[in-house]
Amino acid sequence: MENSSNMGNAENVKSDDKIAELRKIVSESDNIVFFGGAGVSTESGIPDFRSVDGLYNQKYKYPPETIISHSFYLRNPEEFYRFYKDKMIFKDAKPNKAHLKLAELEREGKLKAVITQNIDGLHPVSYTHLRAHETRSNL
């Protein structure tokens, strides 16, 4: 029976193999479409909605998805703007390694589109001329 340190080594080798396989696929591809979500921007310090500190796990008078809706904005603009200012604006957030790698792939002509639910603005900031397709969850 293998000891736990050897098992950890085996897991690292599998992970390294997967990374090498992904690198090979990307290097041989010239028509890449990236599908991403909140996990990309969490590395920039922007919380996602479902994590322990995410908006869905915090207590509000209304659910977050209600507060950021257009109809709520029309009925309660002050509450909407207070929530938006406190929970949706991250002035110090900067594109991270994932955004920068995507920008590199775009400059190389490999990345053709980015499809994301993210509305943090980091995708468009990080690309030279590619427009990120920021969508809602109901894509």
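View 1. Asn96 has a relative accessible area of 10%, so it counts as buried (buried is under 20%, exposed over 50%, partly exposed in between, with a 1.4 Å probe and protein chains only). This is a predicted model, where local features need pLDDT of at least 70, side-chain atom pairs count only at pLDDT 80 or more, and totals for chains, interfaces and linings use all residues. Residues are numbered from 1 along each chain as its sequence is written, and side-chain values use heavy atoms, with hydrogens and water left out. You'll find Asn96 in the loop between helix 5 (77-87) and helix 6 (97-107) (helices are DSSP runs of H or I, at least four residues, and strands are runs of E, at least two, numbered from the N terminus). Leaving aside residues up to four places away in sequence, Asn96 touches Val40, Ser41, Glu43 and Ser44 (contact means heavy atoms within 4.5 Å).

**View 2. Tyr62 and Phe72 make an aromatic pair.** It's one of 6 aromatic pairs in the structure (rings of Phe, Tyr and Trp, the latter by its six-membered ring, pair if their centres lie within 6.5 Å; planes under 30 degrees apart are stacked, over 60 edge-to-face, the rest tilted). Ring centres of Tyr62 and Phe72 sit 4.9 Å apart with planes at 70°, so the pair is edge-to-face. Phe72 is buried at 0% relative accessible area, while Tyr62 is partly exposed at 28%.

View 3. Phe80 is buried, at 13% relative accessibility; Tyr81, at 47%, is partly exposed.
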